[in-house]
Amino acid sequence: MMLDDTDRAIINALQEGFPLASRPYAQAAERLGLSEADLLSRLTAMKEAGVITRFGPFFDAAAMGGAFCLCAIAVPEDRFDEVNDAVNAFPEVAHNYKRTHRLNMWFVLATETEDGIGAAAREIEAATGLTVYLFPKLREFFIGFRVAA
């Protein structure tokens, strides 16, 4: 998919904020000089083409009383797909990435409470038979990451 100037404007604009309104897409579209239907159609096309993989908010779970934790597992290569499916079946798993490292599966646990992290990790260990290594956040940095389209 080739992005045109409008697609690029959409990507750039929506990274800077999304309206909190009863019809946020209509409001965002108006700011971009588009119709709501055109904005939704373009977002759908970009998602289907893999230009964007996710469009949604980021919530600070810790500020709401919840918890996040980066986790890793050393998965035997011949079991990677099986373990991947098992890990992804847990609703607490927010992301899951394959890495070229002894700890080759990295994912984020997001739970309603701090205690939920350990409980979810133990359940994943029971389901996979593999150790889940926890890398809790020690300090938070806000980098304001944006990608210019």
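Biologist: Why is Y25 called partly exposed?

Modeller: This is a predicted model, and in it Y25 has a relative accessible area of 26%.

Biologist: Why is the pair of F18 and Y25 called edge-to-face?

Modeller: Start with the count, which is 2 aromatic pairs. For F18 and Y25, the ring centres are 5.1 Å apart, and a pair needs them within 6.5 Å. Their planes meet at 70 degrees, and over 60 counts as edge-to-face, so that's the name this pair gets.

Biologist: How do you know that the charged end of K98 sits over the ring of F80?

Modeller: The charged end of K98 is 4.7 Å from the centre of the F80 ring, against a limit of within 6 Å. The call also asks for a position within 35 degrees of the ring normal, and K98 is listed as sitting over the ring.

Biologist: Moving on to R42, what makes its link to D7 a polar contact?

Modeller: The side chains of R42 and D7 come to 2.8 Å, and the cut-off is within 3.5 Å. R42 is in helix α3, residues 36–48. Leaving aside neighbours within four places in sequence, R42 is in contact with D4, T6, D7 and I10.

Biologist: Which domain does UniProt list for residues 7–52?

Modeller: The unreviewed UniProt entry gives "domain: Siroheme decarboxylase NirL-like HTH". In the model, that span is 65% helix and 0% strand, with its end C-alpha atoms 11 Å apart.

Conventions. Residues numbered from 1 in each chain as written. Predicted model: local features only at pLDDT ≥ 70, side-chain atom pairs only at ≥ 80, totals over all residues. Heavy atoms only, no water. Phe/Tyr/Trp six-rings, centres within 6.5 Å; stacked < 30°, edge-to-face > 60°. Buried < 20%, exposed > 50% of the residue type's maximum accessible area, 1.4 Å probe, protein only. UniProt positions renumbered as here; feature names shortened; annotations may be inferred. Helix = DSSP H or I, 4+ residues; strand = E, 2+ residues; numbered from the N terminus. Polar contact = N/O pair within 3.5 Å; in protein donor to acceptor, adjacent residues only side chain to side chain. Contact = heavy atoms within 4.5 Å.
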